[in-house]
Amino acid sequence: MGVIIPDSSLIACICEGGAETAIMDILLDNNLLIFKREQLITENVIPRTSARDFEKRYLRVEYGKKIIILRIIDSRSEEFRLSRAYKCQVEVIDVITAPEIEMLVIIKENKYVEYFRSRVSKPSDFCKQNLKISNVKKPDFIRDYFSDPESLISSINEYHRIHRQRNNEASLYDLIKH
């Protein structure tokens with residue numbers, strides 16, 4: 001899916017967890033995304049929040065333009081229903097990292113085939129059991145592990161190459177500059 005974000009857009013980037021936030025921060029700080037940190041309504045990534053809490057905290061302010069909400073999540077079934085009053089002001093784009101953001105670590109370690117053949121269902125468990133990375137979900141680990149942003153971009157590109165996204169489903173690949 002091609003994601004188009006005009007330079008004039010306001011963006012709310014909501015991340016599921018600390019690892020996703022760390023990855024988005026690396027990409028933003030290194031100007032590797034199709035949008036800039038200055039476009040974010042808070043200039044920061046927003047931690048996971050409900051639609052109702054998001055409305056209360058961010059949508060009661062007049063921005064004068066449409067807001068794009070980018071939800072960086074691994075669940076395809078997670079709902080984010082805004083009130084009717086806000087639907088015309090906001091576009092929601094779910095960026096799916098299924099099965100988990102830790103797949104990027106597995107790919108960087110060149111262990112995708114081993115993971116795929118293993119009986120371990122969750123990438124985070126594979127990282128803990130097979131790669132001996134117990135803190136794979138911790139933001140500090142992710143920041144250190146992907147301290148070279150090019151390795152993160154390579155992992156995202158490779159994951160896009162080998163993983164089939166569903167039709168009309170955005171991924172991190174769709175957010176990076178090409």
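Biologist: Which residues of helix H8 are buried?
Modeller: This is a predicted model, in which local features need pLDDT of at least 70, side-chain atom pairs count only at pLDDT 80 or more, and totals for chains, interfaces and linings use all residues. Numbering starts from 1 along each chain as its sequence is written, and side-chain values use heavy atoms, without hydrogens and water. Buried means under 20% relative accessible area, exposed over 50%, partly exposed in between (1.4 Å probe, protein chains only). In H8 the buried residues are Pro149, Ser151, Leu152, Ile153, Ser155, Ile156 and Tyr159.

Biologist: Which helices are included in what covers the buried residues of H8?
Modeller: Helices (H or I, at least four residues) and strands (E, at least two) are DSSP runs, numbered from the N terminus. Contact means heavy atoms within 4.5 Å. The cover includes helix H1 (18–29), helix H4 (103–108) and helix H7 (139–145).

Biologist: How many Å does H8 reach from its first C-alpha to its last?
Modeller: H8 covers residues 149–162, which is 14 residues. The expected span is 1.5 Å times one less than the number of residues. H8 comes close to the expected 20 Å, reaching 20 Å.

Biologist: What is the order of the strands in the open sheet?
Modeller: Two strands pair if DSSP finds at least two bridges between them. Here 4 strands join, and the pairing is parallel. The order is S2-S1-S3-S4.

Biologist: Which strands stand at the edges?
Modeller: The sheet is open, in the order S2-S1-S3-S4. Each edge strand has a single partner, so one side of each is left without a neighbour in the sheet. The edge strands are S2 (46–47) and S4.

Biologist: How many bridges join S3 to S4?
Modeller: S3 also pairs with S1 (residues 10–15), in the parallel sense, over 6 bridges. On that side Leu10 stands opposite Ile67, and Ile14 has Arg71 as its bridge partner. Towards S4 (residues 90–96), Leu70 is partnered by Ile93. S3 and S4 run parallel, and the number of bridges is 7.

Biologist: How many residues of S3 are buried?
Modeller: In a regular strand the side chains alternate between the two faces of the sheet. One side of S3 has Ile67, Ile69, Arg71 and Ile73, the other Ile68, Leu70 and Ile72, and both faces are covered. For S3 (residues 67–73), the buried count is 7 of 7.

Biologist: At what angle to S1 does H1 run?
Modeller: Axes are lines fitted to C-alpha atoms, for helices over the stretch in contact, and angles run from 0 to 180 degrees between N-to-C directions. H1 lies across S1 and S3. Its angle to S1 is about 140 degrees.

Biologist: Leaving aside neighbours within four places in sequence, which residues is Ser9 in contact with?
Modeller: Ser9 lies in the segment before S1. Ser9 is buried, with a relative accessible area of 11%. Its contacts beyond those neighbours are Gln39 and Ile68.

Biologist: What is the radius of gyration of the protein?
Modeller: The protein has 8 helices and 4 strands. The radius is taken over C-alpha atoms, and the globule rule is 2.2 Å times the number of residues to the power 0.38. That rule gives 16 Å for 178 residues, and the protein is close to it, so it is as compact as a globular protein of that length. The radius of gyration is 16 Å.
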